[in-house]
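I opened my notebook to keep track of what I looked up in this structure. Here are my entries, in the order I made them.

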Amino acid sequence: MLSRVAESLFWMSRYVERAENVARFVDVNLNLMLEVPSSEQQWLPLVATTGDHELFEKKYGAPTQESVIRFLTFDEENPNSILSCLRAARENARSTREITSSEMWEQLNTFYLFVAETAARADSIADLHSFFARIKDGSHTFCGITDATMTHGQAWHFMRMGRMIERADKTSRILDVKYFILLRSAQEVGSPIDEIQWAAVLRSASAFEMYRKRHGRIEPKNIIQFLMLDNEFPRAFRFCLNRARNSLHAIFGTPLGERGRSEPERLLDDLCANLAAIGVEQIIAGGIHEFIDNLQANLNELGAGIYETFLARRTPNPAVADRLPVRDAAQ
Amino acid sequence: MNLSEYEVGDFYDEMLESNGMPRRATSHLALNLQSLSHAELATRQTAADLALVRSGITFNVYSDNRGVEKTLPFDLIPRIVPAEEWQHLEAGLKQRITALNLFIDDLYHEQHILKDGVVPSEVILSSKGFHRQCIGLNPPRGIWCHITGTDLVRNRDGKFYVLEDNMRCPSGVSYVLENRRLMMSLFPEVFNASRIRPVANYPHRLRDMLEYLAPEGISNPRVVVLTPGMYNSAYFEHSFLARQMGVELVEGSDLVVADDYVWMRTTGGFERVDVIYRRIDDDFLDPEAFRKDSMLGVPGLMRAYRAGNVALANAPGTGVADDKAVYAYVPDAIKYYLKQDPIIPNVPTYLCSRQSDLQYVLENIAQLVVKAANESGGYGMLIGPKATKKEHAEFAERIKANPRNYIAQPTLSLSRVPTVCGENIEGRHVDLRPYILYGKEIFVQPGGLTRVALRKGSLVVNSSQGGGTKDTWVLDHDAPPNETNSAALTPPPSLAAVC
């Protein structure tokens, strides 16, 4: 497969996943506003979660519900707004239409057009909840169509890897930000408001119901365990990285269960092994923020390694031209 | 579809006789279409428009810097070509392509046609499309023009004329295929009783032709489509054809030349490329050989081509035949190489480089269509009868400043086809661009792209100038006189089935 195409596929699914996560954050916060009639302070952490607070402050100044929602949904200058993400995903899809299935393209195209048309209308979102529900739906549909209509070969694995890395990143970020804020308001720890806040964290990862089945009571320690270390919940950090590892191995052709030999494979294998070994008490002892910070750095390193290995534009050396693979049977 | 109000006017109408009755060969289908109510037609038109947006069948407009794509307007009422007429056109196109290939090959080798004084050397040597870098090139199998989209028009006299030869990177064939797919889903009942020749095997034919060009000794050649990228106006088509053929769509930066071989960068290393269907103009193909500032091309591509390690379709240098001043000599070239009279005539053409023609053009500019010799897409063109005095004067100055770059033709009265215009059905002018593949043999796709000038009275059919398209139905055989009014149409089971 062409390196450029692999890169586009990787980013296409990352962007769709990112749009979905932004919709989750905002939607949960809206619910929170209803349950906890508190200040506008609830909105700034949201911008922090996507990592664009500098751009936000420059454009809007103080965060209000309206400005944050606008920034995160339709602001074309924000590269991580839902609209920008879906536009980027669609552009990537447009440049890979000969690889993906027509169904995927049509769904993503319709999905984007829906958001673009909503954005174009003045006072656009009458019903915020159903809008964000449609975003989540659109992303789920895209994943479903991808899984059901595309050969699960190299191209599909690049897409899944992108989706899983993005999801892991976002789950850890939301935990990081919320944890920081929640612990800071120490007087609320253990209060009903605190419980509602933690429930919101779980809800934004669609994890509330599944968490209840696993752990029952709302307990920060268990929430960290569930969102970071669970191996069966599909939005948990560890689950995502395990799937990303499987895809990376498949791309390299590394047999199931064996350790990979390439640089990015080894990095990811180590990460997965660490997540399997570490306990939640250890994480808390070392500091949750430090732990997540470290994981983020690892993800960045992984991204760079994947880029170097598959996607960077190199030139063949004529001196070794006869050793170039003449034809790839896997194609 | 009520045609009782329809005015054929002082034009050749493709569907109806001047008395408003359907033409004999097309009457069967014309009557079928007439049995549709206006509401049914409107529903289907809406369904068609929606389907186009949904599937992203779009083109980009250069002037739109946000890179927003537009859909090409599609009109439901097909243009029908009787079988007998098509046979004539097919023979004429094969003749023309055969001669043009010999012509181009001669121009880049011995130049007999120039030495014999049939075509003036200065016309060729001054052509922007004539590349000295291509002199002496021997393209695989001796074929230069593998893919051609020849523009034909029908005049008021009912005769077809060749308006343009498009030998560089003719586009539009994807619309032919998609329009047909759309029509089949909208009017399944018509196709069920089908006497309409299919178009869907074009990608298959194209791939066969491209594989035929591969260097000797390669049993399973790797074919790619080379695109300037997704901001090109025809990107949808590039991607569409790659998908339909099952080959990679590459950009210049995906390819690299080493040791005079072309390689593509893949996740598994470098893989050799044997045949390139390039949708990049000569000028941008290889910065080593042509324009040095090209960011779209592949440095060294021409070296690999010259060494016979890769095939390019079309061959570089074919653009010389697209020059509208060179076009004027194609009938002479047909006589010169094939010793035959042209089956499809040219539109009479005045070359402003000739003193006597120039005089005539300047005096009669208000009646003529003037075109820049090296432009396409409806740019750089004056339609005398539709232009103002001021525009006439401005164009006359431009011609005088650079006579070589202008040609003029009488303003043809292009034929019309009934077209959905809001609430009504009105006649709109059309042209026809059949696609011709030259591989082991010459294949003319039955039909081609019918472009329609949607603005009332407009003669400009280009998509960049407000044109749309229609499906083109070439009949397998013409209706015998007694078969004129068979089963009328019933609406399709469900319009939800569209695409």
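Predicted model: local features only at pLDDT ≥ 70, side-chain atom pairs only at ≥ 80, totals over all residues.

**Entry 1: a loop residue.** I looked up Gln111(B) and found it in the loop between α3 and α4 (112-115) of chain B. Helices here are DSSP runs of H or I with at least four residues, strands are runs of E with at least two, and both are numbered from the N terminus. Gln111(B) has a positive phi of about 60°, although it is not a glycine. For my own reference: buried means 20 or more other C-beta atoms within 10 Å of a residue's own, exposed means 12 or fewer, and partly exposed is in between, with C-beta atoms placed from the backbone.

Residues are numbered from 1 along each chain as its sequence is written, while chains are lettered from A and ligands numbered from 1 in the order in which they are written.

**Entry 2: other backbone details.** I found a positive phi, near 65°, at Asp260(B), a residue other than glycine. Asp260(B) sits in the loop between β9 (255-258) and β10 (261-266) of chain B. With 16 C-beta neighbours inside 10 Å, Asp260(B) counts as partly exposed. I also checked the peptide bond from Ala313(B) to Asn314(B), which is cis, with omega near -10°. Asn314(B) lies in the loop between β13 (311-313) and α12 (324-327) of chain B.

**Entry 3: inside helix α3.** Next I picked Ala99(B), in helix α3 (residues 83-107) of chain B. Ala99(B) is buried, because 21 other C-beta atoms lie within 10 Å. Which residues does Ala99(B) touch, not counting residues up to four places away in sequence? They are Ala333(B), Ile334(B), Tyr337(B) and Leu338(B); contact means C-beta atoms, placed from the backbone, within 7 Å.

**Entry 4: two chains.** I counted up the secondary structure: chain A has 15 helices and zero strands, and chain B has 15 helices and 23 strands. Buried residues make up 43% of the 331 residues in chain A and 49% of the 499 residues in chain B.

**Entry 5: a helix pair.** In chain A, helix α13 (residues 263-277) packs against helix α15 (residues 288-311) at an angle of about 155°, with axes 8 Å apart. Axes are lines fitted to C-alpha atoms, for helices over the stretch in contact, and angles run from 0 to 180 degrees between N-to-C directions. α13(A) and α15(A) are therefore roughly antiparallel, a label for angles over 145 degrees; under 35 is roughly parallel, 65 to 115 roughly perpendicular and the rest oblique. Among the residues that meet are Leu267(A) and Leu271(A) in α13(A), and Leu302(A) and Ile306(A) in α15(A).

Key
Contact = placed C-beta atoms within 7 Å.
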